[in-house]
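Welcome to this short tour! Open your viewer, get ready to select a few things in turn, and we will look at what is there.

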Amino acid sequence: MYRIDSMSGSEILDSRGRPTVAARVVVNGVTGEASVPSGASTGAAEACELRDGDRARYGGLGVRKAAANIGDELAATAKGRPFADQAALDRAMIDCDASPNKSRLGANAILAVSIAFARAAAQISGKPLFEYFATLAGNTKPTLPRLTINLFSGGKHAGGQVAIQDVLMVPMQSTIDDGLAAAYAVYYAAAKVAEEKYGARALKADEGGLAPPFPSIEAAFDDAVAAIRKAGLQPGKDVALAIDVASSHFHEAGKYKFGGNNFGSSEMVKCVRSWVDGWPIVSIEDGLAEDDWANWPALRQSLAGKSIVLGDDLLCTNPARIRRAIETSACDALLLKVNQIGSLTEAAESLKLARGAGWKVVVSARSGETEDNWLADLAVGWGGDFIKVGSICQSERLAKYNRLLMIEREHSLRLIGAK
Ligand code: PGA
Ligand code: ZN
């Protein structure tokens, strides 16, 4: 039985310099701390981050109210009360909030407490955090995820140089250690390719991806393949590609508007298929928009056996949306972002639904991150097929990669899909 001695929240800054929430929870005399990330290319169905709205301070983005809710209402609900497990605490906070999307107390406040509690509970059990997460999800075999690492950025994470949001490297090596070394070689080769082609050092986007002024999306794919070769590696075999089209963000009035195109949904499906046919792309995220439900099954059919069809904005880690996607065969992989739903317990439910349908799972960071590294433990504990953290620069990203390196060194875990 867990008993909460105290709980407090504070406002800290994320990797964009925007306020976010950190929580400290003392459970059975043991202190757990955690902070939460924040997205920029958010899905419409995400749980609500509570922001102060005072435009004179951080343009309204302050989180003093959310942080105060931890020490006030949430603490009043939880303090001194015995909780059997993580789910009991999460449910108590969800009931206390009582809104459909955590808009009253803030998903940022509730999730920070949820994860800080997990840290304390893991410490109480004397186990590493990833083992505690594994137990939460009923996973008996923690594994190391395959890395997907941001190489090029566009869309809302850059200056819109290209419409799609991420071109990611997928190192096919059988360890995290070797995968990161391959990604490093490709990243710096890409920086050179971009400088030679576009005449200036490429700007970096929110997640550290390079953002040169590509003339087209296909040019970005060509440059990615050229960089893999320049690094002495074989495209597709040593390093494959994945993309986040993030197409909700250029979908207007039923049309996909990008690079001079004005595509209907079936033209968009054809276009995405041509990318998968032309380049070594193993995963397509949000190839269609979050509200284009009717056309996702056609996208999935078109890519079957060629590429993973991954839902981010489409699903928002929301069990109800995941159920709908399973019923309609809309996709075959879940991008799992815990803060889209706002508690570990609900995210674990999303994970179980996806696994039950035989889907792949990609455990993902947000474009606004902190130095906290719990995401690495989550990906390992929940057996994520992939982890998506951003590029291999910027400390808020490296906190997660470095934690994966430590887990790999200290525990004998298998990397998913390694031969
Ligand atoms: P976000 O982007 O964190 O800005 O939402 C990440 C993604 O779209 O995968
Ligand atoms: Zn996405």
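A residue is called buried when its relative accessible area is under 20%, exposed when over 50%, and partly exposed in between, using a 1.4 Å probe and protein chains only. What you see is a predicted model, where local features need pLDDT of at least 70, side-chain atom pairs count only at pLDDT 80 or more, and totals for chains, interfaces and linings use all residues. Residues are numbered from 1 along each chain as its sequence is written, chains are lettered from A and ligands numbered from 1 in the order in which they are written, and side-chain values use heavy atoms, leaving out hydrogens and water.

**Stop 1: the zinc ion.** Select ligand 2. Which residues coordinate the zinc ion? They are Asp244 (OD), Glu285 (OE) and Asp312 (OD), at 2.0 to 2.2 Å. Donors here are N, O and S atoms within 2.8 Å of the metal (3.2 Å for Na, K and Ca); water is not among the atoms, so sites may look incomplete. Along the sequence, the spacing of these donor residues reads D-x40-E-x26-D. Two of them link distant parts of the chain: Asp244 sits in strand 7 (residues 239-244) and Glu285 in strand 11 (residues 281-285), 41 residues apart. Strands (E, at least two residues) are DSSP runs, numbered from the N terminus.

**Stop 2: strand 7.** Now select residues 239-244. Is Asp244 buried or exposed? Asp244 counts as buried because its relative accessibility is 1%. Glu285 has 2%, so it is buried too.

**Stop 3: the neighbouring strands.** Two strands pair if DSSP finds at least two bridges between them. Strand 6 (residues 166-171) runs antiparallel to strand 7, joined by 6 bridges, and Asp166 stands opposite Asp244. Strand 11 runs parallel to strand 7, with 4 bridges; here Asp244 stands opposite Glu285.

**Stop 4: ligand 1.** Finally, select ligand 1. Polar contacts are pairs of N or O atoms within 3.5 Å; within protein, one must be able to donate a hydrogen and the other to accept it, and residues adjacent in sequence count only if both atoms are side-chain atoms. One oxygen atom of ligand 1 lies 3.1 Å from a side-chain N or O atom of Glu285, and an oxygen atom of ligand 1 is 3.0 Å from one in the side chain of Asp312.
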